[in-house]
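Subject: A structure for you to look at

Hi,

Here's the structure I promised to pass on. Have a look at it first, then read my notes below.

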Amino acid sequence: MSHTSTEAKSGGPLRRRRLSASLIVLLLLGLGANFSPAPATVIGDPDFFVATSSSSLSGGTAKLIVGALRRQGENYVGDYRLKVFPYFFKSEKGRLFIKISEPALRRIRQGRAITFAGQASAEGTELTHKIAGKATPSGKDGGNLSFTITTKNGPLVFNTSYRLVKP
């Protein structure tokens, strides 16, 4: 009898099993929360890659995931996903359009910084965000990239890197 009361006080094997099961469930939920399918694949060869980056906001973090971008006229076009934590209801996905003219593209290939503008259009809504940015080459095919996305709650700044594939 004393053995049973000792197990009850210390938690015993049953409580440890429940605790272990709870931890496994929490870990799985945590992994699920961080897992997200990649943005839709761009048809054809991608031309421009942007590394995933984060920005701080009041009481949280916004993570920007940009799919491979493809050149269409003077624009680079592709999918994006904006994940806002803990404000998951503010998360969105959609299409990204970045305008970089041919002369600006030549300048960046020559190692000179450029500024650009564009917009992000959220899927399933009429919501669009203006984008302003600066690309600073650190080599012929890549460098540092700074995005400022205008939102109704203020600007979000993402500092990341880029890689150009095609000349």
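Let's begin with a pair of residues: Gln72 has Asn75, in β5, as its bridge partner. One thing to keep in mind throughout is that this is a predicted model.

That pair belongs to a wider pattern. Strand β4 (residues 70-72) and β5 pair in the antiparallel sense, with 3 bridges between them. The two strands form a hairpin with 2 residues between them, and Gly73 has a positive phi there, near 70°.

Now follow β5 along. How many bridges join β5 to strand β6 (residues 92-99)? There are 8, and these two strands run antiparallel. If you want a pair to look for, Arg81 has Lys93 in β6 as its bridge partner. Here too a hairpin makes the link, with 6 residues joining β5 to β6.

β5 also has strand β3 (residues 60-66) as an antiparallel partner, through 6 bridges. Thr61 is the residue standing opposite Phe85 of β5. As for how covered β5 (residues 75-85) is, 8 of its 11 residues are buried.

Next, the inside. The largest nonpolar core has 29 residues, and the ones touching the most other members are Phe48, Ile100 and Phe147. As background, nonpolar side chains in soluble globular proteins tend to be buried together.

Last stop, the largest pocket, which holds about 400 Å³ of space. It is lined by 18 residues, and the closest to its centre are Lys90, Thr151, Lys152, Asn153 and Leu156. Which strands each supply at least two residues of that lining? They are β5, β8 (128-137), β9 (142-151) and β10 (154-164), and β10 gives the most, with 3 residues. Sorted by class, the lining has 7 nonpolar, 8 polar and 3 charged residues.

Cheers

Terms used: Residues numbered from 1 in each chain as written. Predicted model: local features only at pLDDT ≥ 70, side-chain atom pairs only at ≥ 80, totals over all residues. Heavy atoms only, no water. Core = buried A, V, L, I, M, F, W, Y, C linked by side-chain atoms within 4.5 Å. Buried < 20%, exposed > 50% of the residue type's maximum accessible area, 1.4 Å probe, protein only. Helix = DSSP H or I, 4+ residues; strand = E, 2+ residues; numbered from the N terminus. Pairing = 2+ DSSP bridges. 1 Å grid on protein atoms, 1.4 Å probe; cavity = no way out; pocket = protein on both sides within 12 Å on 5 of 7 lines; lining within 4 Å. Points joined across faces, edges and corners; volume = space filled by probe spheres on them. Nonpolar A, V, L, I, M, F, W, Y, C, P; charged D, E, K, R; others polar.
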